[in-house]
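Reader: I would like a close look at a single part of this model, taken slowly and with the terms spelled out.

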Amino acid sequence: MLKKLMLAAVTSVFLLLSVAVHAEPVTIVFSCKLKEGSTKEDAMAINARWLKWARSTGGSDEITSSFVSTIIGDLGGFMWVDTYPDIATWGKIADSDSEFDDEFNEVSTCSGNRMYRGEETVPAK
């Protein structure tokens with residue numbers, strides 16, 4: 001219960017901050033590994049259903065989610081890369097209870113996540 005209250009408080013702060021700045025896309029990256037016996041296709045099937053739920057819950061078809069795998073280097077894991085049109089949309093998802101956590105946990109283990117806000121570089125003239 002305390003964890004949910006803390007999440008709600010932190011999300012509320014993010015939502016208030018998002019009003020003060022103009023809407024910029026945010027990306028959250030989860031570092032994960034598939035569990036033995038699970039496949040990329042298993043994870044992506046769950047993620048496809050999650051994405052449908054997230055777009056409905058967040059009220060935006062601009063939410064995207066990608067399974068990103070390594071092609072050079074440590075091949076042992078993958079990343080979920082989720083992009084939201086703004087932090088307020090992410091907040092709607094974070095504040096909602098997803099029924100998919102247990103399903104994701106059955107096929108993968110994620111060791112951490114980070115949220116990013118990118119700033120596009122304009123080419124020199």
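In what order do the four strands of the open sheet stand, and is the pairing parallel or antiparallel?

Author: This is a predicted model, in which local features need pLDDT of at least 70 and side-chain atom pairs count only at pLDDT 80 or more, while totals for chains, interfaces and linings use all residues. Residues are numbered from 1 along each chain as its sequence is written, and side-chain values use heavy atoms, with hydrogens and water left out.

The open sheet runs in the order S2-S3-S1-S4 with antiparallel pairing, where strands are DSSP runs of E of at least two residues, helices are runs of H or I of at least four, both numbered from the N terminus, and two strands pair if DSSP finds at least two bridges between them. Strand S2 (64-69) and strand S4 (108-116) are at the edges, each with a single partner strand, so one side of each lacks a neighbour in the sheet. Within the sheet, strand S1 (residues 26-34) and strand S3 (residues 78-84) pair in the antiparallel sense over seven bridges, and Val 26 stands opposite Tyr 84 in S3.

The structure also holds one disulfide, a term that here means a pair of cysteine sulfur atoms within 2.5 Å; it joins Cys 32 and Cys 110, whose sulfur atoms are 2.0 Å apart. Because Cys 32 lies in strand S1 and Cys 110 in strand S4, the pair ties together parts that are 78 residues apart in sequence. The torsion about the S-S bond of Cys 32 and Cys 110 is about 95 degrees, so the disulfide is right-handed.
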